[in-house]
Amino acid sequence: MSAAFDVIVVGGGHNGLACAAYLAKAARRVLVLEAASDVGGAAANREIAPGFTVSACAHLLHSLHPKVIADLDLTRHGLSLSASDIPTVALDTGGKHVVLRRDQVMESLTAHSAADAAALPAFYRRFMSYAAVLQPFLTAVPPRLGGGGRQDRLTLIKLAWAVRKLGRQEMREFLRVIGMNVADILEEAFESDLVKGALALDGVLGTSFGPRSPGSVFTLLYRLAGEAGGLRGALAHPRGGMGSLTQALASAARASGAEIRCGAPVARILAEEDRTSGVELRSGERFAAPTVVSNADPRVTFLSLLGAEHLDTGFVRRVSNLRQRGLVAKLNLALDGLPSFAGLKEADMGGRLVIAPGIDYLERAFNHSKYGEYSEHPAVEITIPSIHDRSLAPEGKHVLSAVVQYAPYDLKRNWDDAREAFTDLAVETIAAYAPDLPRRILARQVVTPLDLERDYGMTGGHWHHGDLALDQLLMLRPVPGAAQYATPLPGLYLCGAGAHPGGGVMAAAGRNAARQVMAMEGVA
Amino acid sequence: MTQPPYKAPLLESPLHSRTAPLCLGNEWTRWGGYASVDTYLNTEHEYFAIRNAATLFDLSPMRKYRVSGPDAARYVSRLVTRDVDGLRPGRVAYAVWCDDLGKVLDDGTIFRFGPDEFRICSQERHLCWFLDCAIGYDVNIEDVSERIAAISLQGPRSFKVVQALGLNDCRTLKPFDMTHFDFDGGPMTISRTGFTGDLGYEFWLASEKAVSLWDRLMEAGQAYGIRPIGSRALDLARIEAGFIVPLVDFMPAGEALRPSRGRSPFELGLDWLVDFGKGHFVGRRALLAEKERGRGRRVVGLDIAGNKPARDALIYAGRSKQVGAVTSAMWSPTCKRNIAIATLDRPYDTMTEGLWVEIYVDKERKWEKAMAPCRIAARPFFKPPRRSATPPLDY
């Protein structure tokens with residue numbers, strides 16, 4: 001096996017592609033091997049009916065890192081937004097919906113609760129200042145604790161300084177809230193259930209938390225640390241669906257000379273003399289390279305592709321114990337027209353519509369998941385991207401894309417048996433606000449956590465390759481011993497959402513990993 | 001009748017009905033949750049029986065793990081630092097296993113019963129670690145400690161006792177060999193192993209047959225001065241044999257609270273147990289790095305002037321620079337030497353002179369400090385030809 005490549009990237013998700021693009025730009029010979037027939041991973045499109053295209057899994061941009069967009073010139077490679085800074089609409093059963101957009105106080109909020117309207121700007125500013133503490137660390141290699149070098153100490157000092165810079169009072173407040181649950185903090189600031197529910201959702205979306213689970217404030221801050229369309233804490237729609245973003249990344253990678261092969265599932269990461277030597281495909285075909293970067297989640301990377309035999313037991317134990325139980329399902333609908341949400345202004349239809357009318361509603365929805373059941377009344381995040389982007393559906397028709405939570409991976413019932421009933425439940429939940437929805441449906445599709453595992457190779461069907469929680473972030477992500485992208489096996493690196501700074505279509509993990517590879521590996 | 005846990009007594013070994021009546025001094029110690037005899041009546045008598053006659057020690061509280069399955073050999077090779085490919089079925093090997101940092105978790109013996117079957121014996125419990133080491137391996141790990149009893153027969157005349165039992169086939173057993181017999185209609189394994197550095201055998205069989213074996217051994221040993229021994233006499237013999245004991249001569253990494261207390265095989269002077277050529281094993285990368293860096297300290301044997309046992313003594317280079325400490329010490333009646341096992345910081349572990357031991361001596365409740373010169377000595381301190389002679393020498 002002669003090495004035709006310097007680096008093999010296992011998996012062509014957004015992080016794998018970003019990593020490949022950065023490495024190729026730095027004149028490394030890069031090969032990306034993707035199991036599916038096209039790149040994208042969970043940031044891909046799916047045609048759910050002829051002419052109806054929808055983001056298969058992830059559907060909104062809130063964290064795609066601006067450095068990645070700029071460094072890789074993604075705009076030139078086709079990335080654009082069909083809508084930016086879209087509002088969040090907290091749907092109300094009585095039709096008195098509340099529109100929220102960052103710190104802006106909308107008329108509907110004032111009408112709903114004058115007190116909350118007064119409280120929102122200060123709350124938002126405070127949380128954004130806390131999020132700003134975390135923001136620089138999204139693009140830093142997490143520091144090694146104990147036995148680290150100068151750079152590690154520097155990063156730690158920067159983190160401490162960022163907290164200290166908040167000022168005495170705010171630093172104290174930051175340290176008070178950082179480990180708290182999002183329900184308590186919202187109870188302190190707001191009175192309206194509808195407002196609290198909508199804000200709490202961002203603290204639990206995609207996690208195995210309920211709003212009363214400790215650490216959910218941190219998850220919220222983490223989300224707010226991201227930006228979209230140049231605005232912190234904003235939400236945007238990629239034009240052409242999430243798949244267009246990964247196509248842009250692939251285009252950037254190819255333009256720099258990276259080779260991308262799809263339909264090439266990697267079966268094994270090979271090691272010789274205690275170093276990676278390449279990969280073997282399921283077909284038996286082998287590719288040699290001194291460096292292998294894995295976009296797969298840590299459990300798949302270490303336990304399935306590499307094998308525990310190359311790793312120490314304490315490390316294997318930590319990887320096996322990663323909390324990685326997906327609790328989110330995706331509902332994709334093809335519609336023959338816009339559904340009518342009672343009381344919702346047409347202008348707000350293009351926003352992010354959320355069904356989370358209260359902390360208790362969310363917590364009850366969460367309760368089911370603890371016992372292997374899906375929520376009786378799930379929380380839902382709905383978007384109708386075709387409002388902004390006519391390329392997604394035929395004229396006059398639409399696609400609806402919704403995240404439905406909680407739908408646990410380890411459902412007591414078999415997901416394949418429960419699929420139809422769950423899809424009905426998800427549609428009914430939305431239909432409570434948009435009664436004409438069921439009759440507008442031309443095609444429907446649900447992506448359960450089990451589907452995510454089977455079709456996208458994500459252990460536990462977890463979007464983020466492991467919970468984004470205090471104990472699984474920064475130098476603890478995914479586990480100590482692999483938190484600086486390099487792994488215990490020389491030549492093997494992680495670049496996926498399982499690595500710092502985690503998931504959420506950020507591509508920062510891919511970028512950071514590429515930089516670490518460049519720092520640690522020479523050119524062959 | 002079940003008792004509340006706070007009143008639960010120590011567990012009883014399958015041989016308790018035999019050892020308890022003989023433990024006239026009623027001196028017991030704890031071993032892995034079991035009551036184990038410390039001294040039956042007189043430690044000196046028991047010690048001299050090890051070196052001059054034949055002794056029985058109840059080894060049953062030892063933890064025993066059966067490892068079997070298609071990946072058993074690969075698994076054991078991953079677990080321990082030494083090579084096990086060269087370990088043939090019918091052989092026993094001493095081994096240590098390390099954590100990720102290359103620090104020793106425990107030591108023990110590995111018995112290879114067949115290509116795909118092993119038994120690992122250790123003083124302490126390790127099922128959790130053993131199971132986690134098995135992630136990704138097609139191997140079955142079973143704690144068979146309660147099912148299997150063990151009796152150690154040690155001393156120059158131990159082969160005579162074996163012969164009196166009619167187990168003549170043991171004649172050809174070399175050290176670390178094992179063989180199998182039928183005993184009372186069940187299997188019994190005899191290995192030429194022990195912790196005394198003397199001629200000796202260990203018997204492994206089903207717990208319910210242990211009493212019968214004990215009685216037969218005691219009866220057969222009458223003519224050879226057989227005597228049961230407790231752990232204190234055994235400890236004297238093992239110091240002479242130069243063996244180290246976890247929790248005494250070093251902190252097992254799994255038990256240490258202070259991260260710096262873990263000890264690598266290199267630091268324990270067990271370099272010969274580390275095989276870097278066999279592929280990956282737990283702790284390999286850390287041990288390679290340590291090998292490059294050089295160990296920070298080392299366990300050594302000491303020969304100390306005078307006859308005062310240097311228990312827990314500090315060691316100095318010159319008169320004032322503290323460079324280590326004694327972990328086990330005794331006046332060896334057999335070697336007629338004042339010996340110790342100690343840990344010395346680098347580079348003092350290779351010093352040929354100028355090492356001093358600070359000994360506190362109790363002269364009838366009047367304490368005196370003695371500074372005794374010492375030098376590093378090879379272990380084992382006591383290594384008689386009979387320890388390894390095959391067939392066994394006639395005593």
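Mentor: Let's start with α4(A) and helix α7 (residues 182-189) of chain A: their axes come within 10 Å and cross at roughly 135°. Axes here are lines fitted to C-alpha atoms, for helices over the stretch in contact, with angles from 0 to 180 degrees between N-to-C directions. Helices are DSSP runs of H or I with at least four residues, strands are E runs of at least two, and both are numbered from the N terminus. Before we go on, this is a predicted model: local features need pLDDT of at least 70, side-chain atom pairs count only at pLDDT 80 or more, and totals for chains, interfaces and linings use all residues. Residues are numbered from 1 along each chain as its sequence is written, chains are lettered from A and ligands numbered from 1 in the order written, and side-chain values use heavy atoms, without hydrogens and water.

Trainee: What do we call α4(A) and α7(A) relative to each other?
Mentor: Given that angle, they are oblique to each other. The scheme is under 35 degrees for roughly parallel, over 145 for roughly antiparallel, 65 to 115 for roughly perpendicular, and oblique for the rest.

Trainee: Which residues meet there?
Mentor: From α4(A), Asp116(A), Ala119(A), Phe123(A) and Phe127(A) meet Ile185(A), Leu186(A) and Ala189(A) of α7(A); contact means heavy atoms within 4.5 Å. That contact has 6 nonpolar residues, no polar ones and 1 charged. Nonpolar covers Ala, Val, Leu, Ile, Met, Phe, Trp, Tyr, Cys and Pro, charged covers Asp, Glu, Lys and Arg, and the others, Gly among them, are polar.

Trainee: And how do α4(A) and α6(A) cross?
Mentor: Helix α4 (residues 114-134) and helix α6 (residues 168-177) of chain A have axes that come within 11 Å and cross at roughly 80°, so α4(A) and α6(A) are roughly perpendicular. Arg126(A), Tyr130(A) and Val133(A) of α4(A) touch Glu170(A), Glu173(A), Phe174(A) and Val177(A) of α6(A). This contact splits into 4 nonpolar, no polar and 3 charged residues.

Trainee: New topic: how much do chain A and chain B bury between them?
Mentor: About 1200 Å², 40% of it on carbon and sulfur atoms; buried area is the accessible area (1.4 Å probe) two parts lose on being put together, summed over both. In chain A, Glu309(A), Asp312(A) and Thr313(A) lose the most area to chain B, together 47% of what that side buries. Chain A gives 16 residues to the contact and chain B gives 15.

Trainee: How many salt bridges between them?
Mentor: There are 4 between chain A and chain B, each a side-chain nitrogen of Lys or Arg within 4 Å of a carboxyl oxygen of Asp or Glu. One joins Asp274(A) to Arg284(B) (3.8 Å, N to O).

Trainee: Where's the cis peptide bond in chain A?
Mentor: It runs from His500(A) to Pro501(A), with omega near 0°. Pro501(A) lies in the loop between β21 (492-494) and α17 (508-520) of chain A.
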